[in-house]
Amino acid sequence: MKEILSGNEAIARGAYEAGVKVACAYPGTPSTEILENTVRYREIDSSWATNEKVALEVGIGASFVGARSLVTMKHVGVNVAADPLFTLSYTGVNGGLVLVCADDPELHSSQNEQDSRNYAKFAKVPMLEPGDSQECLEFTKLAYEISEKYDTPVLLRTTTRISHSKSVVNLGERTDQVREAKIEKNAAKFVMLPGNARVRHVVVEDRTVQLSKDGCCMPINRVEMRDTKIGVITAGISYQHVREALPEASVLKLGMVHPLPFDLIRDFAAKVEKLYVVEELDPFIEEQVKAIGIPVVGKEIISICGELTPGRVRKAFGLPENAQTTVEKLPGRPPNMCPGCPHRGVFYTLNQLKAYVSGDIGCYTLGFMPPLSAMDTCVCMGASIGMATGAVKVLSPEERKKVVAVIGDSTFLHTGINGLMDMVYNKGAATVIILDNRITAMTGRQENPGSGHTLMDDPANAVDFELLCKAIGVKNVRTINPLDLDECRTVISEEMERPETSVIITDKPCVLIKREGIFKAGAPLQVVEESCTGCRACLKIGCPAIEWIPASGKKGKAHIDPLLCNGCDVCSQLCKFSAIQEAK
Amino acid sequence: MSDKVTNIVLVGVGGQGILLAAEILSETFMLAGFDVKKSEIHGMSQRGGSVVSHVRYGKEVFSPMVPEGEGDILFGFELMESYRYLSLLKPGGTVVVNDLCIAPPSVLVGQETYPADMALKIQELCPDCLLVDGQNLAIEAGNARAANTVLLGAVSKRLDIEEKYWVEAIEKMVPKKALEVNLKAFQMGRGLK
């Protein structure tokens with residue numbers, strides 16, 4: 001049967017067909033939809049973990065007792081999971097284990113542009129890289145075979161364009177594993193004390209050599225001979241751009257990007273007049289080809305930064321560009337917090353209080369955008385609290401009071417909690433605001449241990465943030481309504497003054513929350529035109545529902561779009577002239 | 001079947017139903033027997049940001065991205081976003097655009113103004129331009145939210161694909177309770193000259 005699937009949907013389907021029993025992940029764009037699709041197959045136990053390290057550990061546990069498991073994450077998530085990954089390379093698997101890491105060339109929604117292929121080489125784990133949705137499905141199945149045949153975890157690398165683009169896929173049937181999950185003790189393989197690990201390291205090195213040799217006759221590493229003037233080594237989405245831009249070129253398409261099939265590369269290089277590597281991000285293939293003494297052109301003509309497109313490949317090869325229409329510069333259209341978003345009032349207050357805001361990763365990172373302009377740092381998931389601790393270690397007592405860390409509920413549970421324990425333990429005198437909107441909002445509203453539901457939609461325990469903070473030693477824990485600006489200002493400024501660790505928890509849900517009864521919109525508001533003095537105070541919260549109409553009155557007036565307004569009432573609290581009222 | 005790949009670029013603002021329209025287009029082309037690739041970037045752009053989706057179909061499609069200057073049709077849901085992405089369209093390409101302005105944040109707060117005469121400027125650069133009153137036609141069809149299907153109808157008229165495949169794709173992709181309105185909206189769009 002044929003269907004149009006995204007790369008992520010196809011990987012989920014591939015895992016299903018491969019007989020996977022356990023799938024675990026922490027959501028991260030562009031990888032998120034893989035687990036949102038495995039959950040449709042009830043034969044797979046799918047779950048959101050608190051972070052990527054835990055997700056991989058869950059996958060390892062299932063693999064060690066014999067089941068095939070799938071673990072997915074975005075590129076920066078691999079940094080979190082790197083610790084177990086590197087040792088998993090030594091232990092190998094029992095049931096096949098595939099770790100999907102989704103890279104994000106061009107940083108469509110990420111904080112850096114790292115190339116995960118380096119992790120494959122660094123951790124000494126084979127990596128497959130599909131070039132469209134059909135290959136996403138096939139390579140996932142193949143990855144399980146390689147994993148079990150070579151006793152290794154397998155990395156499956158995608159990029160945003162593969163994860164989120166759709167193409168036609170032929171579906172197959174699920175093959176239920178012969179292997180039953182059961183306990184098999186094998187300490188020499190699964191307990192990585194130095195004595196055992198030294199033995200396994202030799203196994204790992206042999207495995208890489210063997211895979212490189214076997215890779216030469218794997219059909220996923222294929223040579224397409226056409227005109228021999230130009231030969232291109234490429235993989236993944238870059239292959240598609242090469243076929244588009246250089247239809248006549250001969251191509252060595254690598255389906256396995258680590259270890260490289262060196263004999264196949266030598267053979268291909270000998271058949272073409274000039275050899276190129278076309279790859280996104282790092283010169284990963286190029287450097288290794290050069291290291292075996294084969295001259296090749298790569299990053300001299302293709303940027304190390306950003307995503308490739310057919311146009312960029314054409315340009316690199318000096319081909320004429322298409323005629324293009326040029327247009328004048330336009331106002332930008334950046335993402336924005338939703339109307340009624342519970343974060344808006346907190347960021348408005350932090351701006352008013354001139355706080356130094358140590359930020360984190362989530363929707364609330366948008367708090368850095370004008371007019372709220374209330375975020376000063378943002379590095380990685382869970383970092384805001386640790387960074388605040390570092391800042392107060394060196395600031396003067398007066399400056400210390402300005403330091404506020406903000407972190408979402410899911411991010412706090414991901415790795416923020418460690419930072420908070422450290423802050424209490426080491427007496428960091430900063431204020432931490434847990435922006436609890438009951439959901440992992442940024443990646444598309446996934447459940448987490450604070451939301452009270454699992455990925456498979458079963459009711460679950462909801463973490464009590466107040467009790468949790470108290471249990472790890474925070475004496476000052478307060479909960480506020482983030483939509484009440486007076487309360488925000490009073491509580492946040494009081495806690496900022498306090499010379500010890502404070503935690504403030506906000507208690508309003510995300511407006512986009514899917515489950516019914518969690519978010520309730522208020523009645524839409526309207527601007528009473530006669531009362532509006534055109535002071536623009538309401539514009540300072542940057543709500544998409546409030547529009548400035550220059551033509552209305554001499555100074556202009558504000559207008560609220562009733563279709564967008566969720567009636568959170570934050571804007572009316574800013575209006576000194578009571579011009580914002582419930583719409584009649 | 002010729003080797004030519006047809007390129008469609010869909011642009012608009014997050015929340016306008018662009019991704020669903022792109023899904024229906026892709027499904028239609030697959031049902032009609034073509035190879036199809038579709039590409040979009042979502043994530044941050046869900047929150048009112050600019051959204052672009054590329055759909056390509058033909059005998060065999062390689063890259064999922066429409067190369068700059070090779071778009072056959074620019075399918076716009078909002079005027080300024082349509083103007084912004086005209087560079088993807090080939091010279092002499094077709095524009096089907098919703099006659100609608102949505103102000104971006106800088107305009108909402110009065111820092112910048114929404115550029116004047118967007119529709120005229122698009123028509124000047126691309127004479128083969130159909131301006132569709134999607135909002136009002138959708139209301140006429142029974143639901144303001146079906147504007148994307150009205151536009152889809154207008155686009156369908158410009159592609160050589162049998163009507164039955166369009167209808168089949170809409171029936172598959174649109175939720176049952178909204179189907180009747182959407183089929184009506186599609187026909188209204190298809191009836192536009």
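This is a predicted model: local features need pLDDT of at least 70, side-chain atom pairs count only at pLDDT 80 or more; totals for chains, interfaces and linings use all residues.
A:Glu148 is partly exposed because its relative accessibility is 23%. A:Arg68, on the other hand, comes out at 11%, so it counts as buried.

## Other salt bridges

Over all chains, the structure holds 50 salt bridges. One of them pairs A:Glu500 with A:Lys475, where the closest N and O atoms are 3.9 Å apart. A:Glu500 is in the loop between α19 (485-497) and β18 (502-506), and A:Lys475 is in the loop between α18 (465-471) and β17 (476-480), so this pair ties together parts that are 25 residues apart in sequence. What about their surroundings? A:Glu500 is partly exposed at 31% relative accessibility, whereas A:Lys475 is exposed, with 68%.

Then there's A:Arg438, which forms a salt bridge with A:Asp436 at 3.7 Å between the closest N and O atoms. Here A:Arg438 is partly exposed, with a relative accessibility of 25%, and A:Asp436 is buried at 7%. Salt bridges also link up into a network that takes in A:Asp103, A:Asp115, A:Arg117, A:Glu129, A:Arg157 and A:Glu279.

## The seven-stranded sheet

Chain A has an open sheet of seven strands with mixed pairing, in the order β3-β2-β4-β5-β7-β6-β12. The edges are β3 (45-48) and β12 (256-258); each has a single partner strand, so one side of each has no neighbour in the sheet.

Strand β2 (residues 22-25) runs parallel to β4(A) over four bridges, with A:Ala25 having A:Thr72 as its bridge partner. β4(A) in turn pairs with β5(A), again in the parallel sense, over six bridges, and A:Thr72 stands opposite A:Val100 there. Strand β5 (residues 97-103) is also joined by six bridges to strand β7 (residues 154-159), and these two run parallel. In that pairing A:Asp103 is opposite A:Thr159; A:Asp103 is also one of the members of the salt-bridge network.

Strand β4 (residues 69-74) of chain A is mostly covered, with six of its six residues buried. A:Ser69, A:Val71 and A:Met73 point one way from the strand, A:Leu70, A:Thr72 and A:Lys74 point the other way, and all are buried.

## Where the chains meet

How many residues are in contact between chain A and chain B? There are 52 on chain A and 54 on chain B. Together the chains bury about 4700 Å², of which 59% is on carbon and sulfur atoms. A:Leu330, A:Pro331 and A:Arg333 supply 18% of the area chain A buries against chain B, more than any other three residues.

Five salt bridges cross this interface, including one between the side chains of A:Lys166 and B:Glu23 (2.8 Å, N to O). On the chain A side, the elements giving two or more residues are β1 (2-6), α7 (160-164), β8 (166-170), α10 (236-245) and β20 (546-549). The largest share, five residues, comes from α10(A). By type, the chain A side divides into 22 nonpolar, 17 polar and 13 charged residues.

There's strand pairing between the chains too: β8(A) and strand β2 (residues 35-40) of chain B are antiparallel over two bridges. A:Ser167 has B:Lys37 as its bridge partner in β2(B).

## A closer look at two residues

A:Asn322 sits in the loop between α13 (310-316) and α14 (343-352) of chain A. Its relative accessible area is 25%, so A:Asn322 is partly exposed. Apart from neighbours within four places in sequence, A:Asn322 is in contact with B:Pro67, B:Glu68, B:Gly69 and B:Glu70. With B:Glu70, the side chain of A:Asn322 makes a polar contact of 2.9 Å.

Over in chain B, B:Asp72 is in strand β4 (residues 71-76). Is B:Asp72 buried or exposed? At 11% relative accessibility, B:Asp72 is buried. The side chain of B:Asp72 makes polar contacts with the side chains of B:Lys4 at 3.4 Å and B:Lys90 at 2.6 Å. Beyond neighbours within four places in sequence, the contacts of B:Asp72 also include B:Val5, B:Leu89 and B:Gly93.

Terms used
Residues are numbered from 1 along each chain as its sequence is written. Chains are lettered from A and ligands numbered from 1 in the order in which they are written. Side-chain values use heavy atoms; hydrogens and water are left out. Buried means under 20% relative accessible area, exposed over 50%, partly exposed in between (1.4 Å probe, protein chains only). A polar contact is a pair of N or O atoms within 3.5 Å; within protein, one must be able to donate a hydrogen and the other to accept it, and residues adjacent in sequence count only if both atoms are side-chain atoms. Contact means heavy atoms within 4.5 Å. Buried area is the accessible area (1.4 Å probe) that two parts lose on being put together, summed over both. A salt bridge is a side-chain nitrogen of Lys or Arg within 4 Å of a carboxyl oxygen of Asp or Glu. Ala, Val, Leu, Ile, Met, Phe, Trp, Tyr, Cys and Pro count as nonpolar, Asp, Glu, Lys and Arg as charged, and the others, Gly among them, as polar. Two strands pair if DSSP finds at least two bridges between them.
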